[in-house]
Amino acid sequence: MKQKALFVLLLASMIFGSLPAFSRDVTELKTDWHFYPAYDVGRHPKAETVSVPHTWNLVDVFDGMKYERGTYLYERLLKKDASLKGKRVFLRFDGVNSFAEIAVNQQYVGHHAGGYTAFCLEITDFLKEGDNKLTVVASNAYRTDVAPLAGDFNMYGGITRPVYLIVTGEDCISPLDYGSSGVYVHQKNISRQQAQFDVETMLSLCQNEQGLTVRTSIIDAAGQEVARKESAATGSSVVQSFTLENPHLWNGRQNPYRYRVRVELLKGTQVVDCVEEQTGFRFFSCDADKGFFLNGQHLDLHGVCRHEEGYQTAGLYNEAAMREDADLIYKLGCTGVRFVHYPHSKYDVQMYDERGIVLWYELNLAGPGGYNSPGYMKNPQLESNVMRNLTEMIKQNYNSPAICFWSLCNELSFKYDEPATFLRQLNAKAKALDPQRLTTLAICYSQDKFQGITDTFGWNKYFGFYENQSGVGEFFDQAKIEANGIPMGLCEYGAAGSPNQHGFEKIVTNKIHYEENQARVHEENWRDMSTRDYAWCKFIWQFSDNPSSIRYEGDRRGMNDKGIVTYDRKTLKDAYFFYQANWSTEPMVYIAARRYTKRTDALTDVKIYTNQPQAVLYLNGKKVGKGKRDAIGRIIFKDVTLREGENVISVKAGKLSDECRCTLDSSAKQQDGKQQGGRLDGAVN
């Protein structure tokens with residue numbers, strides 16, 4: 001890590017013609033942590049050696065219904081030698097869940113509440129020559145002053161994101177502004193003809209300010225410097241104004257163009273600190289009648305809700321898992337994604353910056369939905385911590401072009417204290433910190449109590465599953481009238497589905513989650529919402545199954561199985577391909593109900609998902625017929641007769657083809673009257 005940082009600095013010196021006397025050095029503190037429970041106060045506690053990121057819930061969460069919420073200690077040595085003389089030393093934590101206290105040599109340095117935003121502390125004055133003991137007390141124990149208070153997801157304890165040691169000169173670009181990079185690109189007036197923006201740089205200066213300069217360079221995607229400004233470095237910040245003619249706009253999936261913003265602090269001609277950020281210039285809006293617009297063009301904002309959780313990593317920072325999810329989401333054809341229910345890591349955000357997918361980015365003020373727990377209580381310390389988390393969330397992700405919406409909460413209830421007053425305070429703070437972006441929130445009831453707090457809002461509604469009937473379109477038409485001109489979206493909808501449970505009946509129980517029923521619910525919802533442009537977002541709940549200790553449903557303990565992808569990402573459920581047929585431009589064809597391999601009814605319907613205009617169906621090598629794609633990406637072949645034993649079902653759509661097999665055993669037909677027939681009873685017409 002150190003060698004890479006030095007190489008970047010040497011390369012910068014070659015480009016800009018000034019050899020740095022010293023610039024910042026960033027080292028990830030990954031190994032050699034000693035870990036033990038906080039209750040072990042013996043002289044020689046039995047410690048385990050671990051690497052960070054780390055959680056103590058990595059194993060127990062996969063047992064299903066229970067995981068430990070407690071307090072543990074992490075310790076490691078930091079060495080101070082002659083190389084640090086005259087330098088400043090900072091610790092940056094990208095995330096400690098959910099409450100952290102930091103000490104160096106048994107001296108308290110600081111604390112942080114909230115497990116999903118970064119924080120940075122200066123430890124220069126706490127270090128002595130030689131070895132120094134760093135202690136991190138981490139707790140995910142339930143407490144009423146740290147959000148989230150509730151949620152349908154697990155809150156894993158530990159140092160769940162990376163830790164960095166940052167060494168700078170005595171004068172530096174400040175790493176202490178709410179855990180941000182200290183560099184903010186304020187987009188003021190953006191159009192296809194011109195981009196007017198300010199670059200604000202936060203400074204931390206210990207020496208005489210004379211002779212210090214801030215040099216800011218704007219670099220395009222080809223590596224060419226397109227603008228540069230130099231200003232005297234005085235005070236706590238420097239603001240430099242720029243204008244780019246005919247800028248390349250960040251234009252979603254069509255062209256996710258980004259610029260690099262390099263800020264250097266110079267003493268004379270020597271670079272003493274350097275920070276680089278990426279950004280993209282764009283303008284956007286929401287209309288209550290027409291939906292979302294990006295760079296003046298309507299963009300149907302459809303996609304998925306997603307937790308930052310990879311398979312068997314229990315919420316740990318995992319770049320490979322983030323890339324895998326982003327690739328599957330891109331392949332699906334999403335134009336937008338809702339990050340739930342807490343701020344995701346900066347690397348996760350960058351995956352969507354790069355792919356041109358608009359983000360709804362959410363604060364960790366998550367409510368209980370239909371569960372018996374508060375999402376908000378009028379606790380002054382809770383409000384203070386949440387307000388700080390909001391500030392951190394915005395400042396740390398300020399330069400992302402993908403983020404167009406700051407979400408203030410999810411499914412808060414009025415069962416406890418009334419949250420509207422505090423939400424208005426959060427909204428005012430968000431607009432003061434970032435006037436260019438829109439604010440939003442997610443509700444599941446009481447529209448009249450929440451609308452008007454934020455610029456937009458979204459509904460979480462599960463027609464065909466929890467509501468147990470279709471009709472989301474009718475509901476939304478009425479809700480739009482009641483919204484009184486405030487843009488409204490659908491930010492959660494869907495149904496549970498297990499790839500191990502199959503049948504065509506409309507059954508909705510806790511223990512029966514037919515994959516085919518999940519697909520039916522999505523078909524019904526998308527049929528209604530695909531034609532309603534006024535809904536500025538349409539986000540599926542959810543991208544992948546995720547652990548939740550409060551659930552025992554379908555065929556899994558401790559798992560919310562509403563994902564259209566399984567938790568291990570190995571199985572793309574039928575619903576995934578349904579949306580691919582509607583959203584993706586990449587040619588595809590897919591036979592639904594392919595995992596329903598053991599059948600008892602000879603007469604069945606065969607459903608195809610495709611974005612091709614027509615397809616030909618074959619059964620056991622014989623042509624059944626040709627069908628045309630309907631308005632929601634399906635071709636349904638009615639009354640196909642299977643033969644006893646194995647059947648091969650295949651389909652061709654131009655050069656594309658797909659095939660699956662099933663076995664008919666009519667003698668095994670159920671005798672209790674609840675026959676798992678082969679007809680698509682729930683198919684949308």
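Buried, in this talk, means under 20% relative accessible area. One note before that: the model is predicted.

Start with helix 9, residues 574-583. How many of its ten residues are buried? Nine of the ten are, so helix 9 is largely enclosed by the rest of the structure. Going along the helix, the buried residues are Asp 574, Ala 575, Tyr 576, Phe 577, Phe 578, Tyr 579, Gln 580, Ala 581 and Trp 583.

Now the barrel. Strands of a sheet pair through backbone hydrogen bonds, either parallel or antiparallel. Which sense do we have here? The pairing is parallel, in a closed barrel of eight strands that runs 24-25-26-27-28-29-30-31. From one strand to the next, the twist averages 25°.

To look at one pair, take strand 27, residues 403-410, and strand 28, residues 438-443. Four bridges link these two strands, in the parallel sense. Within this pair, Asn 410 has Ala 442 of strand 28 opposite.

There is also a helix against the sheet. Helix 2, residues 319-332, packs on it and touches strand 24 (302-306) and strand 25 (336-339). The direction of helix 2 makes about 155° with that of strand 24.

Between strand 24 and helix 2 there is a loop, and Gln 312 sits in it. Gln 312 is not a glycine, yet its phi is positive, about 55°. Is Gln 312 buried or partly exposed? With a relative accessibility of 43%, Gln 312 counts as partly exposed.

A second residue with positive phi is Ala 593, where the angle is near 60°, again in a residue other than glycine. Ala 593 belongs to the loop between strand 34 (589-591) and strand 35 (598-599). Its relative accessibility is 8%, so Ala 593 counts as buried.

Last, the peptide bonds. Pro 53 is in the loop between strand 3 (48-50) and strand 4 (71-80). Another cis bond runs from Ala 147 to Pro 148, and its omega is near 0°. Pro 148 is found in the loop between strand 9 (130-139) and strand 10 (163-168).

To go back over the main items: helix 9 is largely enclosed, the eight-stranded barrel is closed with parallel pairing, and helix 2 packs on the sheet. That is everything from me.

Note on methods:
Residues are numbered from 1 along each chain as its sequence is written. This is a predicted model: local features need pLDDT of at least 70, side-chain atom pairs count only at pLDDT 80 or more; totals for chains, interfaces and linings use all residues. Side-chain values use heavy atoms; hydrogens and water are left out. Two strands pair if DSSP finds at least two bridges between them. Axes are lines fitted to C-alpha atoms, for helices over the stretch in contact, and angles run from 0 to 180 degrees between N-to-C directions. Contact means heavy atoms within 4.5 Å. Buried means under 20% relative accessible area, exposed over 50%, partly exposed in between (1.4 Å probe, protein chains only).
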